[in-house]
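Thanks for coming. Please have a look at it before I start.

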Amino acid sequence: SRRNAESLVDSVKEQGVQSGDQLIIYLTAHGIVDADGNAFLLCDDFDVDKQSRTRVLINDLLDELSNCDAATKILILNAGQIDYDPRLGVFVNDFPERLKAAVEQCGDSSLWVYCSHQSLQYSQVSHAVQRSIFGLFIAEGLKGAADIDQNRDVDLRELALFTSANVASWVQQLSAGVARQDPILLRASEASFTPLPTLVTLDP
């Protein structure tokens, strides 16, 4: 809900996250862009007649995450299946492009955003596994399948490479080459190179 999003940092602090921690948030929501070019996430209680109270401006969500003092914040965003919806005034949904601009505007170099798809695409669902394809490979990657160099650590680069390659391949096969889905990794600042953070250390 919008209230949950506005109190996100307080919820994180209540769970004991400290300044030296790596914070990973996986969020599933429909991402849309309104007629004015603003990017929003639709809440569970979204109502077309009450849009201002049942959606969250992506800039506000990123600003809220920036206020968290965790060493690294990683927002994994499965941004939905709406490629167009005339009821909402959405005829071409370029949410990922607007998301990229919002991440850059945020300016927090400790914040990474990994989005499920790029513009003119949407997050595909596999009925065979009864979940989104992006969510499937994120979960498998964090369990250890993304440990490409087999050093018992899964870092963000490995997770992004593993997930992006498998999602793109699965969607291509599922759609007989008609559809594409290419997840995108975003960061506010690339001014200085820093190693991508370790997300999971596997139990030997």
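Is Tyr-26 buried, partly exposed or exposed? At 35% relative accessibility, Tyr-26 counts as partly exposed. For these words, buried means under 20% relative accessible area, exposed means over 50%, and partly exposed is in between, with a 1.4 Å probe and protein chains only.

Two remarks on the source. This is a predicted model, in which local features need pLDDT of at least 70 and side-chain atom pairs count only at pLDDT 80 or more, while totals for chains, interfaces and linings use all residues. Residues are numbered from 1 along each chain as its sequence is written, and side-chain values use heavy atoms, with hydrogens and water left out.

Back to Tyr-26, which sits in strand β1. Helices (H or I, at least four residues) and strands (E, at least two) are DSSP runs, numbered from the N terminus. Not counting residues up to four places away in sequence, Tyr-26 touches Ile-76, Asn-78, Ser-132, Phe-134, Gly-135 and Ile-138. Contact here means heavy atoms within 4.5 Å. Ile-138 is 112 residues from Tyr-26 along the chain, and their C-alpha atoms are separated by 9.4 Å.

Now Val-171, in helix α6, residues 156–174. Val-171 is buried, because its relative accessible area is 1%. With residues up to four places away left out, Val-171 touches Gln-124, Ile-133, Ala-179, Arg-180 and Gln-181. The C-alpha atoms of Val-171 and Phe-134 are separated by 9.7 Å, and the two residues are 37 apart along the chain.

Next is the loop between β6 and β7, where Tyr-122 has its place. Tyr-122 counts as partly exposed because its relative accessibility is 28%. Gly-80, Gln-81, Asp-83, His-117 and Gln-181 are touched by Tyr-122, not counting residues up to four places away in sequence. Leu-120 is found in the loop between β6 and β7 as well. Leu-120 is exposed, with a relative accessible area of 69%.

What is the phi of Leu-120? Phi there is positive, about 65°, although Leu-120 is not a glycine. As background, most residues other than glycine have a negative phi. Arg-152 also has a positive phi, near 75°, and is a residue other than glycine. Arg-152 lies in the loop between α5 (133–145) and β9 (153–155). Its relative accessible area is 39%, so Arg-152 is partly exposed. Between the C-alpha atoms of Arg-152 and Tyr-122 there are 32 Å, with 30 residues of separation along the chain.

On to the cores. A nonpolar core is a set of buried Ala, Val, Leu, Ile, Met, Phe, Trp, Tyr and Cys residues joined through side-chain atoms within 4.5 Å. The largest one has 31 residues, and those with the most contacts inside it are Ile-58, Leu-62, Phe-95 and Leu-99. At least two residues of this core come from each of α2 (8–14), β1 (22–28), β3 (39–42), α3 (58–66), β5 (72–78), α4 (95–106) and β6 (111–115). The largest share, 5 residues, is from α4. Leaving aside its neighbours within four places in sequence, Leu-99 is in contact with Ile-58, Leu-77, Val-113, Cys-115 and Leu-186.

Which residues of α3 are buried? They are Ile-58, Leu-61, Leu-62, Glu-64 and Leu-65. These cover an arc of only 155° around the axis, so they are on the same side of α3. The arc is that of the directions from the helix axis to the C-beta atoms.

Last, the pocket. On a 1 Å grid over the protein atoms alone, a pocket is an open set of points where a 1.4 Å probe fits, with protein on both sides within 12 Å along at least five of seven lines, and lining residues have an atom within 4 Å of a point. The largest pocket is lined by 18 residues, of which Ser-1, Asn-4, Ala-5, Leu-27 and Val-56 lie nearest its centre. β1 gives the most to this lining, with 4 residues. That is where I stop.
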